[in-house]
Amino acid sequence: MEITTITELYVFVLAGFVGYQVITRVPPLLHTPLMSATNAISAISVVGAMVIAGAHYNRVSTILGFIAVASATVNVVGGFLITDRMLRMFRPAGRGGSEAPAEITAAPGTPVAASAGTAASAAPAAGSASPTAR
Amino acid sequence: MARTIFIETTYLVASVLFILGLRSLTRPEKARRGMQMAAAGMVFAIIGTLINHEIVDYHWIVLGIAVGALIGYPLGMWVPMTAMPQQVAISHMFGALAATLVGVAEYYTASGMVGPGRMTALGFETLFGALTITGSLMAAGKLQEVLPGRPLTFRGQNVVNIALFALTVGIFFYLIGHPGNATLFYVMLALSLAIGVCMVLPIGAADMPVVVSLLNSYAGLASVATGFAIGNNVLIIAGALDGGSGFLLSVLMSKAMNRSFGNVLFGAFGTPAAGAAKTSAGLTARSISAEDAALQLAYASLVVIVPGYGMAVAQSQHQVRELAEQIEARGGTVKYAIHPVAGRMPGHMNVLLAEANVPYDRLYDMDEINPEFERADVALVIGANDVVNPAARSDPSSPIYGMPILNADKARSVIVLKRSMNPGFAGIENELFFKTGTSMLFGDAKASLTKLITEVKSV
């Protein structure tokens with residue numbers, strides 16, 4: 001066993017601890033974004049794939065490297081985009097998400113205003129077709 | 001030298017940004033900015049790698065990135081939120097594929113001339129990577145319903161699986177001592193692919209939250225092993241974060257089902273419990289019309305909505321929100337009760353309701369909402385079954401006995417939206433449906449909700 005391996009084990013164990021501390025604090029609300037985010041991050045194997053695809057070791061490894069770069073990139077691009085798309089949707093009461101049609105303000109003449117003090121959700125009774133949030 | 005220092009610096013920056021990005025996920029309002037930081041970290045690492053002195057030809061790299069981006073963009077932008085579990089599974093597949101191919105290419109290039117340390121890393125990489133590839137494909141197939149969602153089992157299956165696993169591990173150990181045996185390396189690769197198939201097929205669709213998180217963990221571990229194999233710290237760090245979060249989530253999911261890991265993986269709900277039939281015998285469920293249900297909802301002061309996988313299948317989250325708004329407009333309060341394993345992946349219901357613009361502070365975890373059911377006038381159960389089955393509390397013979405559930409039965413009245421009286425996934429009869437105070441509104445959830453919305457409006 002070489003000394004670099006030991007150093008790498010250090011890194012692994014410490015990163016594991018940090019990860020555990022950080023991830024236990026993520027609320028269940030965000031568990032799906034957490035999963036897609038960590039998945040996108042772990043596609044960092046793209047850097048290993050890039051070296052293999054570009055190093056010209058031999059034909060086989062170049063082809064394998066190319067496929068690996070492509071699939072890791074799918075993971076990076078798709079993973080970060082979808083995480084962002086999900087996170088954009090999470091919004092607290094009283095604030096319109098960027099993806100949400102501005103239905104809260106557009107409620108003049110809505111019958112029965114929110115009497116329970118839940119003003120945020122007093123959306124227009126009529127014509128609020130479900131938002132076509134893709 | 002200066003070049004190496006630059007590359008390593010970008011990796012360091014990337015690692016820090018990844019950890020900060022994940023930390024931001026503890027607060028919904030900060031999460032988006034944090035993930036943008038993590039994405040920036042990824043870009044740093046990629047730019048750093050581009051100047052690696054080993055790279056002599058950029059054609060394949062650029063082409064690979066272009067192809068990957070072309071496939072990844074639609075996958076990220078256009079997949080509907082209801083298909084999120086499949087999307088996540090497919091993502092794991094791509095990540096694992098990349099790690100595995102890197103491992104195979106490394107082994108091939110070295111033509112077996114690797115030390116035992118490196119061989120261990122390469123072995124773990126191909127083992128975890130390959131079983132994640134096929135496992136994720138199977139999981140995605142089940143979630144997309146290309147494959148049957150029920151557990152596919154045969155007699156002696158566990159024996160076969162364990163034998164397969166033991167053989168693979170045996171070959172792995174042999175290879176560490178004799179890394180030059182290329183044939184065995186590829187045999188191990190093939191066996192690992194087979195393990196992925198055999199591992200996921202016998203697991204039912206309702207247990208997918210555990211499986212998807214576990215595959216998440218394996219994909220991360222494959223990245224860790226890649227990091228060890230090519231001596232790259234950022235891979236080890238990012239992989240450890242992924243592996244850790246996947247593992248933690250699968251533990252949480254198993255706990256939420258009161259089942260051990262082993263039980264989820266090997267104890268497929270094959271045969272329905274013997275006690276199941278007798279619960280339903282002689283009992284009749286009371287069905288209710290949309291008008292009557294709407295009347296109850298309209299005059300309720302607290303309604304707790306319990307969404308389940310049925311809501312996802314019917315894609316009715318928007319109707320749920322609309323109904324909730326109608327109730328709130330009449331002065332009622334609406335809260336959502338989210339069971340950790342409702343749906344097909346961790347946090348599935350939260351994402352769907354967020355998509356429908358339900359504010360996240362109306363979504364309550366099981367522990368927060370359970371005491372509130374007693375005050376609730378109506379518990380509205382939409383396509384959920386096992387997570388509200390009181391048998392989990394009272395019937396030791398039930399397969400789900402001991403699983404923490406949402407106490408919907410404690411509400412003054414319960415309205416269940418359900419397609420038919422067919423028992424839920426686990427094949428377990430649900431006594432909640434036969435309780436006095438429970439009424440069933442049969443039909444497709446979307447259609448029923450639309451009716452309810454119209455009726456509540458006209459009350």
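A polar contact is a pair of N or O atoms within 3.5 Å, where within protein one atom must be able to donate a hydrogen and the other to accept it. The legends below describe a predicted model.

**View 1. Polar contacts and a salt bridge between chain B and chain A.** With both residues of each pair at pLDDT 80 or more, 19 residue pairs are in polar contact between chain B and chain A. The rule finds one salt bridge across this interface, and it is formed by the side chains of R32(B) and D84(A), with a distance of 2.9 Å from N to O. On the side of chain B that touches chain A, helix α4 of chain B, covering residues 84-109, gives the most, with 17 residues. The residues on that side of chain B comprise 65 nonpolar, 29 polar and 17 charged ones.

**View 2. The extent of the contact between the two chains.** Chain B brings 111 residues to the contact, while chain A brings 94 residues. Between them, chain B and chain A bury about 9000 Å², and 73% of this area lies on carbon and sulfur atoms.

**View 3. Strand β5 of chain B and its two faces.** Strand β5 of chain B, which spans residues 413-418, is mostly covered, with six of its six residues buried. Cover is found on both faces of β5(B): S413(B), I415(B) and L417(B) are buried on one side, and V414(B), V416(B) and K418(B) are buried on the other.

**View 4. The strands paired with β5(B).** Strand β4 of chain B, residues 378-382, runs parallel to β5(B) and is joined to it by five bridges; within this pairing, L380(B) has I415(B) as its bridge partner in β5(B). Strand β6 of chain B, residues 438-442, also runs parallel to β5(B), and five bridges join these two strands. In that pairing, V414(B) stands opposite T438(B) of β6(B).

View 5. Of the 134 residues in chain A, 56% are buried. When contacts in chain A between residues at least 6 apart in sequence are considered, 48% of them join residues at least 24 apart.

How values were computed. Residues are numbered from 1 along each chain as its sequence is written. Chains are lettered from A and ligands numbered from 1 in the order in which they are written. This is a predicted model: local features need pLDDT of at least 70, side-chain atom pairs count only at pLDDT 80 or more; totals for chains, interfaces and linings use all residues. Side-chain values use heavy atoms; hydrogens and water are left out. Contact means heavy atoms within 4.5 Å. Buried area is the accessible area (1.4 Å probe) that two parts lose on being put together, summed over both. A salt bridge is a side-chain nitrogen of Lys or Arg within 4 Å of a carboxyl oxygen of Asp or Glu. A polar contact is a pair of N or O atoms within 3.5 Å; within protein, one must be able to donate a hydrogen and the other to accept it, and residues adjacent in sequence count only if both atoms are side-chain atoms. Helices (H or I, at least four residues) and strands (E, at least two) are DSSP runs, numbered from the N terminus. Ala, Val, Leu, Ile, Met, Phe, Trp, Tyr, Cys and Pro count as nonpolar, Asp, Glu, Lys and Arg as charged, and the others, Gly among them, as polar. Buried means under 20% relative accessible area, exposed over 50%, partly exposed in between (1.4 Å probe, protein chains only). Two strands pair if DSSP finds at least two bridges between them.
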